[in-house]
Amino acid sequence: MQLTIRGTGQDVNVLSYLLAKNPNNLYERNVSGHLVRMFFSKFTDDEVEVTIFVTPDPIELSRNNSEAYDITSYINDREFAVSSIFCTFIRTALGTALNGKPTEEYEPWVNHPFSLQFSFGPVASQLTDNELLDLFQPLGYDVAITYGEVDYRMDFKRVSTARYITLEGMTTLQMGLRQLFVLIPVLDNYKHYYIDEKEVGKIERYGEGWLDQHPLREFILRRALRFEELYNLVEKQTVPELKTETEPKSRLNDLRYERIVRRVNQLNFRESIVDFGSGEGKLSEKLGFVDGVKEILAVEPSESENLKALKRYEKVVQKENFVMPKQVMGSLFYYDERLKNKDIMILCEVIEHIDEDRLPKIMRIILQEYRPRVLLLTTPNQEYNAVYGMDEGYRHPDHRFEWTREEFQTWSKKQDEESKYDISFEGIGEEHEQYGTPTQMAVFTRREV
Amino acid sequence: MEIVLPYAGIVLLVGPSNSGKSTFLKQLIDKGQILPSEIISSDEFRVRVSNLEFIDWAHRWKDVSESLYNDYQRISAEAFSLMEATIEARCRLNKLTFVDATHLYPDDRKRYIEFGKKHHVPVVTLVLDVNQDVLLERDKKRENPRGTKRIKQQYQVFKREKRFIKKEGYLETYFISDTNETEVSRRNSNPLYLEIENGIDIIGDIHGCYDEMIQLLEQLGYEKNAEELYVHPEGRKFLSLGDIMSRGPESLKTMSFFLHHVNENLAYMIDSNHGWKIARWLDGKNVTLAHGDELVAEDFKQYKDKEKIEQLKHELKTFLLKAPSHYVLTKQGIPTLVCTHAGIKDEFIGKQSDDISDFCRYGDHEGVNETGRPIRKDWTIHHKTSTLIVWGHDPKPKPLVINNTINIDQGVVFGGELTAFRYPEKEFVAVQAKKDYYEGLNNPLMELKKKRLNPPNIAKFIGGFTVSTNELGQIKIPKEYALSTIDSVSHYTVPIEGLVYIPPTMSPTPAVSALKNYLEHPKEAIDYYRSMGVERMVAEKKHMGSRGILFLFKDSEVGRKYVGRETLGVIYTRTGRRFFDMATEGEILSRINESLTANDYFNKHNTEFLLMDAEIMPWNLKAKELISSQYAHVAENAILDRGLLKDKIESAAGSNVDLAKWLKEYEDKLANARVFKDVFQKYCWEINEIDQIQIAPFHILAHSHETFFNKPHTWHMEMNKAFSLMDRLFVETEYMVINDRADEEEVIQWWGEITSDGHEGIVIKPETFISKYKGRLIQPAIKVRGRKYLHIIYGMDYLEPENLTRLKKRNVGKKQKHALKEFALGIEGIQRLINGESIERVHECVLGTLAMESDPVDPRL
């Protein structure tokens, strides 16, 4: 991690006073085991070049990593790439210049623009070259980007993910450094320390005089402050989340839940319900308000989903007539006797996430062992993908299949090996006259003996 | 008169004060027939709680008398509650206890009948029948006379009760009028205890399969002598777990066989459900013969000699009726093993009662199911003690070891096997049935086979669980790791049916290298094994790819049998995920299948499947994303950073001595970065076609009928070589055997050569697959990674002295513990698979290993 500042033109040797560093000496400080170093490689009346870099202690660096049990916490770019760590390391060395507080004699030079070049890197950023240009060009810099070597023996990548940026322009040393101290962490998209209110103050201080006019101000603030709460301290109004094509899908989700709830309401026996693959609990929450329901078993294997669901239920648990769903750690691949003989079992958008050849066994367990009075089963209608303009591929990358109405119906009938259920089919969502509805549902009703 | 006392239980003395109860017991103590600690006396407990043996409340003022009487009642109540607690404790421990009190009232005695029932011990009464004059005479002479009135009162009660006592349900009631004319004998050993002496061979349910039984006895080394008796030259004896008859072809012949051998003290047999049924039938009881018992009656009908048959019937009846519910085998008097037919509770062991007999015959059952068959409950989960319980009754395809119990009924009559368990050797010997003799519906072995792939019951795992392994005993899996693993199995792994084995993790050298410039070195691995008594070792080249398990089937029909769908196999990673995409997997499986079939592999080895543990290369096959985004990315950043700095310092260095130092530093660092970049590329190459994939098997884990943990690693390596000749996808792995110091030097040199060329390193293993030192499992393998390779593990600058010094402070303790547990779990799971056990039982081991891996360990080890 390194930064080289090069200045040319008259009086440029004043820079050494603004930096408060003697150009004849090497600078080296030990910051908790890491070496912060600086040296002047050129120093004449009209050309000055100074490089500040860090030689980190890799072992110390990896020690405080929260992901200590992953190999990537030992083999990573943190000891090379410029980042918030780099800024923290060099802040003291560049304190005088950043704060604009040289000895009194040189104070007038603080606001004097020089022809300066800042080159720094390596930059490990998710941003594209154009996005990088958009960050620096509005500040009046000419920007050049160079890349690391990708001379591999096999085709790992075309372009290196290590970049080196050179900015050139007329600016004051303080302004240039302050811009870098705000933007380097923005590029890197990784912060090594806890972000709190202090960060807001820092951004306001370093951003003074340029950030408010920056066309990407909002983006810079978001990336710099990371957390919504902090962001809101600066930006009072909340900016709506980016919404693209997710909208029709989330509406379809609601339609599905509505239909299932309506269907449940129509059933005479609805005291006990199993919601298989309950995820973050959206459907189970709604079922909790259905009249006559006394028990909901929300079955889900994922601990993180279960936590989310719990939060959701806790928000409404005080409400009248809400039946708190019981969270059951489980999945369709295990047998669970707690799920036997319930009134209703629901598999809402579950089966398409399971390899097709595993389904018959699962259905046998459901229909012959768990034996719900009614089984509700929904899955996408593949025909409808045409309406979305999809020619191939699935609606979700984890889908193992998507069936046409005929495929789903044939399959469903085949699952009732013992002929104990009546099966009917219905559609959910806006109907297209040729392709049907986006979602299809099978209703298995156990015949009364 | 002769009194026979049981081995354990309650002996109740009955008689008024002065009838001589205590005196009689004292006589027995003096003769050395009983111990003072075996006597519980109410008088003694009264003294213990109150210091008073006797209170005389008569002849006082009324108020004083009433108060004293109240005191006496309270003292008695306390004394009796302590006394009863003591008696119950002794009953639980199966001891004999003499209760010395008057026991004149029926309620006093009923308590003990209840204790006897509750704790499954017999109750015997000794009634001291002395006439009133003698009682009164004696009372005058004692220290605290009870008084004529009280004695007379007691005698009246005694006279009234005398005739009822016999009917109250004691094992025996003895009336003693003169203690001097009484002979007492007692059983000093538990009749259920059997000293193992020269060894005992426990045999599972025979069900009239006489031929198989004889074949098994011969296999066990028994020889027929002139009297047609099967005798073991070393004096071993055999013990049947019951159900020797019914269902099968030769019940009568088998029963006669045991009758003679038991009578000749060459064999033992315990009670069983079918045995009891036949016994009662022979006893003339009104029983319905079904479930194959009718075949026994048929056998008797066929018997020609009518006279002899009645005699035989009588003998068999007695033999079967007196067969004990269970036996306890002892080593020098100490119980170590229990033989029972269908089950036992820990508190029943060594005791006899109707309830115990019932439990041992039928096990723990609860009603019947739709088809009228009993619903069997799992009694084994309640077994908590260290005593091994061997049982039969419920046919399992192979001996089933659960929770320190072993089922050895392998359903010979259903076409399975007849199993013997040799004790104390703890070895199984089995013979295959000649045929399925019971061609009825509901063949339990078939039922089990049908259910084998049923989904595992999640209740067994979600609260955390314990796996009993043969190699390492009980392995506990805590709840938190169990849950996250179930989550992973529910989302990412291949289907549970195919996920039969997860390879264990492997520890690097237990100590870091003593050499200054090395972190790991073969010397420490070899020293470790030598210190564990291992003389012969195998050093195998360690490939750098990704671990892969290959479960390969003879044909897709076999696939249906083992994983429930038609497939030629499954290939998965060490986290249980599918190794290749479906299409590539299919292609590789067909390719390997063709090659193995072309070499007649499956037929030659008489197997339906091949399970192997391998390294699959190149590394980028599985890890391309990681390599590109992590390793390559780091290399690019490092070289860019260090290269630029080096140039910049160089350009400014001039004659500055300090800058020259920085320059040297950055030249070295740049070189380190280049080594790093070079090393990880060594394990990568483009994959355009299947042939560029390499599979290096290093363990042949199992065929459908056997595991290969008993084979040395040299055998495994030779097998691997054979595979490489069958298909080019398989590559041979270089290895060397370490016998002596010279070999050691050679291996170190070899390791040095291949690793400086960038190869990962070597793995050193004891020659035997499962190695123990002083009875304890030792590390099955130790990896020794190369100096260069470790750049991509410990960082590109790890060899810099100040870094290496710190990195050498690593601790492999936890890694080693995990390695051992996972090794034991792996072997256990495969053994269960081969035994035809349910996938739930196999999954228990797999889930265990996966769960161990979610317990975090330093990933660099």
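## An annotated domain in chain B

UniProt, in an unreviewed entry, places the feature "domain: Polynucleotide kinase-phosphatase ligase" at residues 486-856 of chain B. The model described here is predicted. Over residues 486-856, chain B is 49% helix and 16% strand. The end C-alpha atoms of this stretch are 17 Å apart.

## One helix of chain B

Helix α21 of chain B covers residues 713-726, which is 14 residues. At 1.5 Å a residue the helix should span 20 Å, and its end C-alpha atoms are 20 Å apart, so the two values agree. The buried residues of α21(B) are B:H713, B:H716, B:M717, B:N720 and B:F723. They cover an arc of only 110° around the axis, and therefore lie on the same side of α21(B). An α-helix has 3.6 residues a turn, so residues three or four places apart point the same way.

What do the buried residues of α21(B) pack against? Their partners are four strands of chain B: β27 (537-542), β31 (694-703), β33 (735-738) and β34 (761-766).

## The form of chain A

Chain A has 14 helices and 14 strands. Its radius of gyration is 31 Å, whereas the globule rule gives 22 Å for 449 residues. The value for chain A is well over that of the rule, so chain A is more spread out than a compact globule. Taken along the principal axes, the C-alpha atoms of chain A fill a box of roughly 100 × 50 × 45 Å.

Of the 449 residues in chain A, 39% are buried. Contacts in chain A can also be sorted by separation along the sequence: among those between residues at least 6 apart, 70% join residues at least 24 apart.

## Where the two chains touch

Most residues other than glycine have a negative phi, and most peptide bonds are trans. The cases below and in the next section depart from these patterns.

In chain A, the peptide bond from A:G121 to A:P122 is cis, with omega near -10°. In chain B, the bond from B:Y423 to B:P424 is cis, with omega near 10°. B:P424 sits in the loop between β22 (417-423) and β23 (427-432) of chain B.

A:A20 is a residue other than glycine, and its phi is positive, near 60°. A:A20 is in the loop between α1 (15-19) and β2 (27-31) of chain A. Is A:A20 exposed or partly exposed? It has 15 C-beta neighbours inside 10 Å, and so counts as partly exposed.

B:E228 is not a glycine either, yet its phi is positive, about 65°. The loop that holds B:E228 runs between β10 (223-224) and β11 (230-231) of chain B. B:E228 counts as exposed because it has 8 C-beta neighbours inside 10 Å, and the cut-off for exposed is 12 or fewer.

Technical notes
Residues are numbered from 1 along each chain as its sequence is written. Chains are lettered from A and ligands numbered from 1 in the order in which they are written. This is a predicted model: local features need pLDDT of at least 70, side-chain atom pairs count only at pLDDT 80 or more; totals for chains, interfaces and linings use all residues. Helices (H or I, at least four residues) and strands (E, at least two) are DSSP runs, numbered from the N terminus. The radius of gyration is taken over C-alpha atoms; the globule rule is 2.2 Å times the number of residues to the power 0.38. A residue is buried if 20 or more other C-beta atoms lie within 10 Å of its own, exposed if 12 or fewer, and partly exposed in between; C-beta atoms are placed from the backbone. Two residues are in contact if their C-beta atoms, placed from the backbone, lie within 7 Å. The expected span of a helix is 1.5 Å times one less than its number of residues. The arc is that of the directions from the helix axis to the C-beta atoms. UniProt positions are given in the numbering used here, feature names are shortened, and annotations may be inferred rather than shown by experiment.
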